[in-house]
Amino acid sequence: MLAAGTFASAAEPGHFGYGSKASPEQIAGWDIDVRGDDGVGLPPGSGTVKRGEEVYAEQCAACHGTFGEGEGRFPKLVGGQGTLKGERPEPTVGSYWPFAPTLWDYINRAMPMPAPHTLSADDVYALTAYVLNLNDIVPNEFVADRTSLPTVKMPNSESFIWTDPRPDTMARPCMNACADPAETRIVSTAEGKQLTPRTTGPLDTMQSK
Amino acid sequence: MRPNLWRSISLSSNVAGTPLGRRSFLGLGAALTGSLAIGAKPANAEPAPASPPADAPWSQSIGAGVVDRPYGRPADSEAGVIRRNVPWLTAGAESSVSFSPLQDLHGIITPNGLFFERHHAGRPDIDPDQHRLMIHGLVERPLVLTMKDIVRFPSTSRIHFIECPANGGMEWRAAQVNSLQFNHGMISCAEWTGVKLSTLLDEVGVRKEAKWAMVEGADGAHMNRSLTLDKCLDDCLVVYAQNGEALRPEQGYPLRLVVPGWEGNVNIKWLRRIKLGDKPWFSREETSKYTDLMPDGTSRGFTWLIDAKSVITFPCPEKPLSGPGLYEIRGLAWTGNGKVKRVDVSTDGGVNWQTARLHEPVLSKALTKFTLPWQWDGRPALLESRAIDETGYVQPTIAQLRTQRGTNSVYHNNSIQTWQIKPDGSVFDVQLA
């Protein structure tokens with residue numbers, strides 16, 4: 001330290017002194033996160049399934065379908081139970097999401113897509129209730145609020161492993177005669193599949209078939 | 001206007017038909033026909049080359065002056081070297097991805113305009129004077145920083161790759177897309193300049209209960225992820241510059257997070273907020289997305305690490321061979337674990353391997369270039385590369401990965417890529433038994 005009397009030590013906060021202390025108002029304006037597993041951060045307010053149906057029809061149905069079945073390639077919100085081990089898994093709020101407060105958080109922070117973070121807390125609660133109801137996770141009379149949402153048991157909540165078990169492949173770097181050449185055969189090729197947009201010239205506008 | 005004036009004088013002297021001008025004019029005509037041929041090939045005969053023995057028109061005229069292109073741009077003939085998307089992959093372009101044209105790039109640095117992009121709510125255009133970074137939660141002194149504040153902190157520059165964990169995700173079930181760009185183009189590498197996240201966290205004072213950080217973007221998705229505090233303090237950077245210039249808007253201008261060696265989406269762009277807590281947040285991105293669905297129906301969450309991976313960039317479907325002879329097989333290798341230690345190359349589908357040459361610099365959590373000379377005899381071949389990192393981890397085959405993870409995983413396909421070479425030199429994306 002060149003001037004120990006002037007500067008705080010590096011271990012103490014504010015050593016450089018740049019920026020300004022975040023005021024309670026500033027923090028309140030941006031502190032939007034809601035923790036998925038216990039709902040910490042959920043604000044006051046509430047919403048019914050009935051109200052959620054109205055907001056959904058106005059704000060969500062165009063992309064997610066009238067009953068959450070999805071439109072085009074926009075995500076399905078409903079269904080898919082029993083598909084996760086199959087050939088075509090359908091991960092939806094009902095089949096996949098482990099925590100209900102995460103749904104509130106995501107609608108609040110990112111939806112509706114053209115005007116994110118513009119809905120009232122009550123409307124977000126109502127939408128959360130409606131989508132959970134569409135998935136048969138809560139009854140018609142369910143009222144979503146900061147107390148009720150963390151208690152909702154999601155169907156797939158026990159299926160997540162939150163620690164990374166990798167490395168899970170233990171190949172050895174063999175150098176010579178590592179495989180039987182007769183067994184080395186092509187089982188899959190991209191040739192002729194007509195799925196590859198072109199990679200020369202201007203951008204390809206090929207749409208889905 | 002003066003350089004243009006000089007240019008027009010030069011051109012008009014060509015048209016004037018002086019002996020020198022006429023020769024020039026003929027050359028120019030050949031060049032024009034040649035450039036037309038790039039767009040739509042005329043049916044008539046091949047134009048005479050402007051190269052030896054004829055002198056080319058650009059050798060007999062004066063060129064454009066400085067600041068003719070004040071920022072600069074690639075040569076006109078390189079106009080096809082661009083990021084590309086797969087239109088059928090997503091609902092719209094606002095929550096989608098573009099792929100880097102690896103087949104046309106050289107070395108380990110991705111030019112800023114070609115760095116792959118992934119947005120979850122489109123690309124915001126942010127006024128840096130209005131932008132703020134707020135750091136709060138379990139800290140002693142919650143802080144709001146302007147861009148001017150952030151640039152004042154001690155700066156660090158480091159070279160790191162960023163890879164989307166869905167890179168290669170279209171290939172879990174089968175070889176589908178015949179392209180290096182579309183199968184591997186969600187990786188890019190740059191020199192990042194900014195401030196260590198640990199410096200900022202020291203500045204606010206981390207409380208001892210803090211174990212996790214929530215990082216959040218200012219885009220319409222308010223994109224957020226949870227990170228362990230250990231990783232934040234280890235090597236994360238809050239950056240404002242990429243390859244020597246300010247970040248591009250596509251890359252998070254004016255401020256983004258770089259989390260070396262971890263999956264792309266945690267490298268939050270348009271960074272506006274860092275909140276410390278005692279637990280992870282389980283956001284939508286880390287529960288319904290960016291989790292790996294296993295064949296038994298369980299899912300792995302918080303699988304941030306990018307395992308060792310490599311790919312041969314020449315030859316590849318976009319860059320076939322032009323006949324038997326000596327070639328240099330070229331490729332890129334990387335690992336989130338640190339440095340690439342070795343890359344082996346096979347030309348017979350993994351029966352026999354040779355160790356390739358690694359090119360300097362070999363940097364931690366950066367792309368590493370490798371090459372191997374190859375005498376191609378014109379017969380069919382199956383080219384593969386296999387990376388080994390400094391932890392001893394060996395890049396697996398797709399069959400080995402499937403044994404562990406099935407085919408529903410979507411993310412973290414770091415398997416060995418096989419390119420099939422046909423006798424005519426064409427190259428196809430294939431998978432082996």
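**Exercise 1. Find what share of the contacts in chain B with a separation of 6 or more joins residues 24 or more positions apart.**

Solution. Take contact as heavy atoms within 4.5 Å. Among contacts in chain B with a separation of 6 or more, 71% link residues 24 or more positions apart. Next, the elements: chain B has seven helices and 23 strands. Helices (H or I, at least four residues) and strands (E, at least two) are DSSP runs, numbered from the N terminus. Then burial: 58% of the 433 residues in chain B are buried. Buried means under 20% relative accessible area, exposed over 50%, and partly exposed in between (1.4 Å probe, protein chains only).

This is a predicted model, where local features need pLDDT of at least 70, side-chain atom pairs count only at pLDDT 80 or more, and totals for chains, interfaces and linings use all residues. Residues are numbered from 1 along each chain as its sequence is written, chains are lettered from A and ligands numbered from 1 in the order in which they are written, and side-chain values use heavy atoms, with hydrogens and water left out.

**Exercise 2. Describe the interface of chain B with chain A.**

Solution. Count residues: 108 of chain B are in contact with 88 of chain A. Now the area: the two chains bury about 8,000 Å² between them, with 57% of it on carbon and sulfur atoms. Buried area is the accessible area (1.4 Å probe) that two parts lose on being put together, summed over both.

**Exercise 3. Work out how helices α2 and α5 of chain A pack.**

Solution. Start with the axes, which are lines fitted to C-alpha atoms, for helices over the stretch in contact; angles run from 0 to 180 degrees between N-to-C directions. The axes of α2(A) (residues 49-59) and α5(A) (residues 121-134) come within 7 Å and cross at roughly 100 degrees. Therefore α2(A) is roughly perpendicular to α5(A). Angles under 35 degrees count as roughly parallel, over 145 as roughly antiparallel, 65 to 115 as roughly perpendicular and the rest as oblique. On the α2(A) side, the contact includes Val49(A), Val55(A) and Tyr56(A). On the α5(A) side, Leu127(A) and Tyr130(A) are among the partners.

**Exercise 4. Which elements cover the buried residues of helix α4 of chain A?**

Solution. Trp104(A) and Arg109(A) are among them. The cover includes α5 of chain A, along with β7 (212-217) and β8 (224-228) of chain B.

**Exercise 5. Is Thr199(A) buried or exposed?**

Solution. Locate Thr199(A) in the segment after β5 (186-189) of chain A. Its relative accessibility is 15%, so Thr199(A) counts as buried. Leaving out residues up to four places away in sequence, Thr199(A) touches Arg84(B), Gln103(B), Ser179(B), Gln181(B), Phe182(B) and Glu318(B).
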